Amino acid sequence: MPKKKTALRVNGRQHELALDPNVSLLQALRDLGYTDVKNGCEIGECGACAVLLNGTAVNSCMVLAWQANGAEIVTNAGLGMLGKPHPIQEAFADVGAVQCGYCTPGMVISTKALLDRNPNPSEAEIREALSGNLCRCTGYGQIVEAVQLAASRLQAERLAVAAMPTASLTRERVDEGSRSPDRQLDPKLDRGRR
Amino acid sequence: MSLPMFEIERPTTLGEALRILSEVKDSEPIAGGTNLIVDMRAGRHRPRVVVDVAALRDLHGIEVTDTEVIIGAATTIAEMLESPILAKHATVLVKACSSFANALIRNRATVGGNLVTAAPCSDTAPALLTLDAEVKLASVRGMRRVPLEKFLVNAFSTIRRSDELLVSVRFRIPSATATGAFRKMGLRKVSCMAKVDVAVMLDGDSAGRCTNARIALAAASPVAVRARAAEAALVGKALTPEAIAAAAALTAKAAAPRAGSEYKLRVVEALVRRLLAEAALALARGGSSA
């Protein structure tokens, strides 16, 4: 079976790969060393393998790597690392929303996708946005709290940045480079196909 | 666990996709992959070639004309949930989409995939049945339009031939007074397959008589079905609690759950009664959107 040339941009880094056609995006990412993308169920039930694919949260186990050819992918580690965590990751740690930790990268990705679109979600909206991410430890209470805390911190941060004089806007976060544009409803979608 | 080996084609035009499906033996379209990839991992489905149609422009978008709403087959459930066109003209379908699997799956799963798979528990099928939807199938031999009710044959079985691609699903814009309702019963609040899906659509005149009724079920029979006898029993009648109860009982007769799932008959009857009552109330208040 001829291998497929596949270009993936992961957390801002470009990879040119030659993959068998049957390699899932999950497998490709883990083989590249992005092991923060967890392999849970491989049937789209658990959300541990969630990544942002062109800004949309998807289960990477259900995407063929070649279908993602040319796409921009962000994993949990692309948002922030131990020395410089993303406010979402910090909130998960501060609230105690992490027990075994296996679901956390996927939870963080779904949270990022939610807050990019809806900076001030209700509890129902948070639970809906995390509906594809299973946690078998915490009972979800602290996870919801973590999302609320992250939302309020990110909003405070945006206000602080907005209050700064333009010349002093030098602050950058790790994810700025790889952040996809806010995925809002594409007006073209409803405009029809012609 | 890796997927079994297959070859993959990524056509850039609809014509190219149709040519591949026609010429290449054992080829199968893939879009969101939320059914096909799971089936391939489980060994239930072994296409030799998968044809990625997710990026074909002709299969995308939600369009409204003077008379119809047309949804591209590769439109995702998430895109349908966000569509102002569907919010205006087909809330019954939007409600079905909001109960569909979970947020991550909705970002990949497509309406075409949901219909072509023809799983007994399809959430979009019963809603689209109440809208009298038609599907459009394309092949190198040409196009054909088929009522969704005819398209769905049995569990995991449709009239689609192996060289055909489902390109769109369309329905007439419901009347301004038509009112729809949808309810899913599953084992959990979210991220579950339907145990029973019920969709209804009612329209009435100023005298409070029912002028049009649609009732459809999923997961309570091998494939989504309409309850035609129950619909016929409502048309021309006042939407009284007695008429609604009689229609609900008739709907249960249209259900055919698997052995051991006879409880679904009672669930169907109760859900249909409640949804018809909800829709009748909304109708009496002037009707909302469909």
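Reader: Which domains does the domain assignment of chain B give?

Author: A word on the source comes first: this is a predicted model. For chain B, the assignment gives domain 1 (7-52), domain 2 (57-172) and domain 3 (179-284). Between the centres of domain 2 of chain B and domain 3 of chain B, taken over C-alpha atoms, there are 21 Å.

Reader: How many residues of domain 2 of chain B are in contact with domain 3 of chain B?

Author: A domain boundary may be read from the residues on each side of it. Here, 22 residues of domain 2 of chain B are in contact with 23 residues of domain 3 of chain B. On the domain 2 side, α5 (91-98), α8 (124-130) and β8 (152-154) of chain B each supply at least two residues. The element that gives the most to this side is α8(B), with five residues. By class, the side of domain 2 of chain B that touches domain 3 of chain B has 13 nonpolar, six polar and three charged residues.

Reader: Into which domains is chain A divided?

Author: Chain A is divided into domain 1 (7-78) and domain 2 (80-176). Their centres, taken over C-alpha atoms, are separated by 21 Å. To the contact, domain 1 of chain A gives 17 residues and domain 2 of chain A gives 14 residues. At least two residues of the domain 1 side come from each of β3 (50-53), β4 (56-59) and α2 (76-79) of chain A. That side of domain 1 of chain A divides into nine nonpolar, five polar and three charged residues.

Reader: How many residues of α4(A) are buried?

Author: A helix may be read by its span and by its cover. Helix α4 (residues 104-117) of chain A has 14 residues and reaches 20 Å from its first C-alpha to its last, close to the 20 Å expected at 1.5 Å a residue. Of its 14 residues, 12 are buried, and α4(A) is mostly covered. Among the buried residues are Met107(A), Val108(A), Ile109(A) and Lys112(A).

Reader: Why does Ala101(B) count as buried, and why does Phe156(B) count as partly exposed?

Author: Ala101(B) is buried because 22 other C-beta atoms lie within 10 Å. Phe156(B) counts as partly exposed because it has 16 C-beta neighbours inside 10 Å. The cut-off for buried is 20 or more.

Reader: Where is Asn35(B) found?

Author: Asn35(B) is found in the loop between β2 (27-30) and α2 (36-42) of chain B. Asn35(B) counts as buried because it has 22 C-beta neighbours inside 10 Å. Leaving aside neighbours within four places in sequence, Asn35(B) is in contact with Gly113(B) and Thr117(B).

Note on methods:
Residues numbered from 1 in each chain as written. Chains lettered and ligands numbered in written order. Predicted model: local features only at pLDDT ≥ 70, side-chain atom pairs only at ≥ 80, totals over all residues. Helix = DSSP H or I, 4+ residues; strand = E, 2+ residues; numbered from the N terminus. Contact = placed C-beta atoms within 7 Å. Domains from an automatic or database assignment. Nonpolar A, V, L, I, M, F, W, Y, C, P; charged D, E, K, R; others polar. Expected span 1.5 Å × (residues − 1).
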